[in-house]
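Subject: Structure handover

Hi,

Here's the structure I promised to pass on. Have a look at it first, then read my notes below.

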Amino acid sequence: MATQPWPSEWLRGTLTLAVLRVLSDGPTYGYAIANALADAGFGDIKGGTLYPLLSRLETNGLVETEWREGDGGPGRKYFQLSELGLRRYHQQAPLWRAFCEHTSNFINPDQPHQNPEA
């Protein structure tokens with residue numbers, strides 16, 4: 001896995017939506033989620049960050065879990081989006097795109113600031 005290239009406060013703000021994105025591809029387990037995030041350029045996401053997030057998603061009804069037997073090893077806890085989680089992902093993804101565009105326009109010194117609400 002790659003080292004974390006982004007400031008941690010940026011990741012805290014985006015990690016939930018990024019995990020929902022990974023789970024939108026189908027059920028998977030924690031280590032595979034961390035690898036998918038690393039492969040996508042988010043850097044190393046430690047278990048101490050990822051598993052409490054997955055637990056919160058489960059508590060909030062966005063994720064469902066299932067234990068599956070491992071291939072020659074211990075079982076794994078699989079996570080998948082619930083119907084509510086899938087709806088939340090589809091609601092937040094376009095909002096995130098708009099927020100990123102707005103933020104980029106605001107902080108880019110070569111572009112005049114435009115309020116999207118104006």
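Which residues lie nearest the centre of the largest pocket? They are W10, T14, F42, W96 and C100, out of the 23 residues that line this pocket.

Before the rest, some housekeeping: this is a predicted model, where local features need pLDDT of at least 70 and side-chain atom pairs count only at pLDDT 80 or more, while totals for chains, interfaces and linings use all residues. Residues are numbered from 1 along each chain as its sequence is written, and side-chain values use heavy atoms, with hydrogens and water left out.

Back to the pocket. On a 1 Å grid over the protein atoms alone, a pocket is an open set of points with protein on both sides within 12 Å along at least five of seven lines, and lining residues have an atom within 4 Å of a point. The volume here is about 580 Å³, taken as the space filled by probe spheres (1.4 Å probe) set on the points. Helices α1, α2 and α4 (83–107) each give two or more residues to the lining. By class, the lining has 15 nonpolar, 5 polar and 3 charged residues (Ala, Val, Leu, Ile, Met, Phe, Trp, Tyr, Cys and Pro count as nonpolar, Asp, Glu, Lys and Arg as charged, the others, Gly among them, as polar).

Now the helices (DSSP runs of H or I, at least four residues; strands are E, at least two). The axes of α1 (residues 8–23) and α2 (residues 30–39) come within 10 Å and cross at roughly 110 degrees. That makes the two roughly perpendicular (65 to 115 degrees; angles run from 0 to 180 degrees between N-to-C directions, with axes fitted to C-alpha atoms). L15, A18, V19, V22 and L23 of α1 touch I33, A36 and L37 of α2 (contact means heavy atoms within 4.5 Å). These are 8 nonpolar residues, with no polar or charged ones.

Lastly, the sheet: 3 strands in the order β1-β3-β2, open and antiparallel (pairing needs at least two DSSP bridges). β1 (28–29) and β2 (63–68) stand at the edges with a single partner each, so one side of each has no neighbour in the sheet. β1 and β3 (residues 76–81) share 2 bridges, with Y29 partnering Y78. β2 and β3 have 6 bridges, including V63 with L81.

Cheers

Definitions and conventions
Parallel < 35°, antiparallel > 145°, perpendicular 65-115°, else oblique.
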